Amino acid sequence: MRFRKELLELSPCEHGGKAGEIADRLGIEGGSLIDFSVSLNPYVPLDVAGAIRRACDTIFAYPDNRYVRFRESAARFVGVDGDDIVPGNGSTEIIRLFAEAVIENGDIVAIPSPTFGEYEQQCRLFGAGIRHVRFSDIASGEYGRLEGCKAAFLCNPNNPDGLLLPRNEVERVVRYCRDNGIMVVVDEAFIDLADPAQSVVQLVESYDNLLVMRSLTKCFAIPGLRLGFGVAGRDAAHILNMARLTWNLDSIAVEAGIYLMDNAGSCLEASRDFIKMEREWLASRIGEIGGLRALPSSVNYFLVDVSGTGMTSGEFAEKMMRERIIVRNCSSFPLMDGQYIRVAVRNHEENMRLIDALSRVAGAGR
């Protein structure tokens, strides 16, 4: 079997969420691990189980591929028109769909670094060359390295550092790219857990070069259902809906998503308050541990500089596993240099266990 050269040159994209794999390697039960490598909402006072049970009766028929009810619910959730919504099997599918619909062999795609690895992975699949630019340059308004690119990605809040750009600064990037013939994908997977007022989702009808991605996985903590959506101007959304896989959302995920979006109400506001409180507590306690430094963040995860312990991030993460705590080793992110781990904000009891484990591992390293 002969595969395309682009596929042969790729390696799997690194992610967190490997509790099962790590448990097998350590020879322990997966339930004894606490996974701080995945960044999900730790406070969701909504019970989706009832919606899932009701949806079970729908699995004997094909979903309606138009996904009208889901698109209308998503449109209400973010404040746009239903015709602007592109249903996705998680935001990763939207990244793939964009790359498949837009990228041609030899195109250059700009990716601010460090950031989520799937942007590069999916664009390389379709023959793109990648131009890494510093996220800090984009944040400070230095757009020169975007020139000549077919497309650019921007994660806001950014993963892995949690930096949130204000709405007007993101719009400035989008406007610059429009004036220079560059498509922009703004990934807002975590914005509901940071500050949704900074979203640019309602600008899609004003900028025909803009695609915004939203994830229900993160804000409602449902990673097993794989659910998200893209938002674009009506014409662009129509094309993307024509190109996406037929029946890409299953009936159970659709009903769960509709229930969660329609009933979010004050839930997400309460989640943001909880996350802010726990994040500040965690960062303060980490600051008291010799050799560790927590970096500022706007969302439910943040970076920790472990270089003061004399260990690399990989070594530190490995020792944390022995404490039955999983953290994200960030050495796979460009520009991270084996210096940082990423930790999620979880509930208070789990966060206290994290602090205890960090203290033991950091103390052993000095």
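**Close-up views of a predicted protein chain**

**View 1. Gln-122, a residue tucked away from the surface.** Gln-122 has 6% relative accessibility, so Gln-122 counts as buried (buried means under 20% relative accessible area, exposed over 50%, partly exposed in between, with a 1.4 Å probe and protein chains only). Gln-122 belongs to helix 6, residues 118-125 (helices are DSSP runs of H or I with at least four residues, strands are runs of E with at least two, and both are numbered from the N terminus). This is a predicted model, in which local features need pLDDT of at least 70 and side-chain atom pairs count only at pLDDT 80 or more, while totals for chains, interfaces and linings use all residues. Residues are numbered from 1 along each chain as its sequence is written, and side-chain values use heavy atoms, leaving out hydrogens and water.

**View 2. The surroundings of Gln-122.** Setting aside neighbours within four places in sequence, Gln-122 is in contact with Ile-95, Arg-96 and Ala-99 (contact means heavy atoms within 4.5 Å).

View 3. Now let's look at another residue. Met-1 lies in the segment before helix 1 (5-8). With 88% relative accessibility, Met-1 counts as exposed.

**View 4. Stepping back to the whole chain.** The protein chain holds 14 helices and 13 strands. Of its 366 residues, 52% count as buried. Along the principal axes, its C-alpha atoms fill a box of roughly 60 × 50 × 50 Å. Among contacts with a separation of 6 or more, 73% come from residues 24 or more positions apart.
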